[in-house]
Amino acid sequence: MIEPSEEQKILLDNLKRAVKEKIAPVAAETDRKGTFNWDIASLFWDLGLFQITLPEEYDGWPQTPCHTLCLCIEEIAKACASSALMLLIQAVGSFPLLSAGNQKQKKKYLPRISQGRELIAYLVTEPAAGSDVQAILSTARRTHGHYILNGRKTFATNGAIAGIYSVLAKTGEKELSFFIVDRQQEGVSIGKIEEKCGFRGSNTAEVILEDVQVPQDNLLGKPGDGFAIAMMDFDMSRPAVAALALGISAGAVSYALDYAMDRITFGKP
Ligand SMILES: Cc1cc2nc3c(=O)[nH]c(=O)nc-3n(C[C@H](O)[C@H](O)[C@H](O)COP(=O)(O)OP(=O)(O)OC[C@H]3O[C@@H](n4cnc5c(N)ncnc54)[C@H](O)[C@@H]3O)c2cc1C
């Protein structure tokens, strides 16, 4: 195990307090209601958690962003899996912009997801393309100065509430590309909101793209870079998904232990 740095220890101490006082007390209710908790989102911006993977000038963690993200996600997941997923997906959604965006794109969108406190969602999965990312059917057709996006994205975490999307679409027969898309853009609509067994406080939505006119400037990297960006994003996020699972199991063991030590059976705890 990598020993947390002094800065990480301070962040984790603050986070543990916030989890105990503000997240754990509402976790069961959030799960029961199945609604997104904006108070917790605000808390994550206040604590600087949503900013962890951003560049330093946007309050990011320049040294060890992924490790810091994993530590925080694990801690939050001990009390509330939906809140931990909220943090994870903000990092996943912003990764294409961070890794492939040019300075102009970063200057335009990073202030919105840091000081502007907007959520950014990751629109890759489709009804017939999950693990097999290359099977996506969404298309981005190039016209004069624009791309026209069409397709149906499923299971998009925060899909119905994020202001910005990272969208993967086909720009050629075997060519995938990422685009930054504003949710307010004409042609974007929200479809089915998933009723889930778990992560119920996390918004999981279908997002429909119908002739969405996206400026050419919103292409991230070069045409055809999309698959590599998606794979690099998975490389970044898989340890964080594992940290989330670790946190959920640690939380479950802790709750079970507390209960076992508390209840009386056969005359003793
Ligand atoms: C809560 C939640 C939030 C999500 N959020 C997002 C999001 O924000 N953005 C987004 O784009 N997507 C999101 N997803 C979708 C998620 O990324 C997909 O569910 C995932 O990629 C798997 O795709 P699938 O569900 O189609 O399963 P499949 O790809 O059909 O896989 C089903 C099972 O088969 C296994 N499998 C698949 N291929 C093979 C193979 N070749 N060999 C052996 N085994 C195989 C898989 O491991 C899995 O166990 C979310 C999903 C959930 C449940």
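**Figure 1. Domain 1 and domain 2 of the predicted model, with centres 22 Å apart over C-alpha atoms**. Domain 1 covers residues 6-115 + 228-262, and domain 2 covers residues 120-224. In the contact between them, 34 residues of domain 1 meet 22 residues of domain 2. The two domains bury about 2,400 Å² between them, and 63% of this area lies on carbon and sulfur atoms.

**Figure 2. Packing of helix α3 (residues 65-77) with helix α6 (residues 226-262)**. The axes lie 7 Å apart at an angle of about 25 degrees. Since angles under 35 degrees count as roughly parallel, α3 and α6 are therefore roughly parallel to each other. Their crossing is right-handed. On the α3 side the contact is formed by Cys 66, Leu 69, Cys 70, Ile 73, Glu 74 and Ala 77. On the α6 side it is formed by Met 236, Pro 239, Ala 240, Ala 243, Leu 244, Leu 246, Gly 247 and Ile 248. By class, twelve of these residues are nonpolar, one is polar and one is charged.

**Figure 3. Packing of helix α1 (residues 6-33) with helix α2 (residues 38-46)**. The two axes come within 11 Å of each other and cross at roughly 160 degrees. This angle makes α1 roughly antiparallel to α2. The crossing of α1 past α2 is left-handed. Ala 18, Lys 22, Ile 23 and Val 26 of α1 are in contact with Ile 40, Leu 43 and Phe 44 of α2. The contact comprises six nonpolar residues, one charged residue and no polar ones.

Terms used
Residues are numbered from 1 along each chain as its sequence is written. This is a predicted model: local features need pLDDT of at least 70, side-chain atom pairs count only at pLDDT 80 or more; totals for chains, interfaces and linings use all residues. Side-chain values use heavy atoms; hydrogens and water are left out. Axes are lines fitted to C-alpha atoms, for helices over the stretch in contact, and angles run from 0 to 180 degrees between N-to-C directions. Helices (H or I, at least four residues) and strands (E, at least two) are DSSP runs, numbered from the N terminus. Angles under 35 degrees count as roughly parallel, over 145 as roughly antiparallel, 65 to 115 as roughly perpendicular and the rest as oblique. A crossing is left-handed if the near helix is turned anticlockwise from the far one by less than a right angle, and right-handed if clockwise. Contact means heavy atoms within 4.5 Å. Ala, Val, Leu, Ile, Met, Phe, Trp, Tyr, Cys and Pro count as nonpolar, Asp, Glu, Lys and Arg as charged, and the others, Gly among them, as polar. Domain bounds come from an automatic or database domain assignment. Buried area is the accessible area (1.4 Å probe) that two parts lose on being put together, summed over both.
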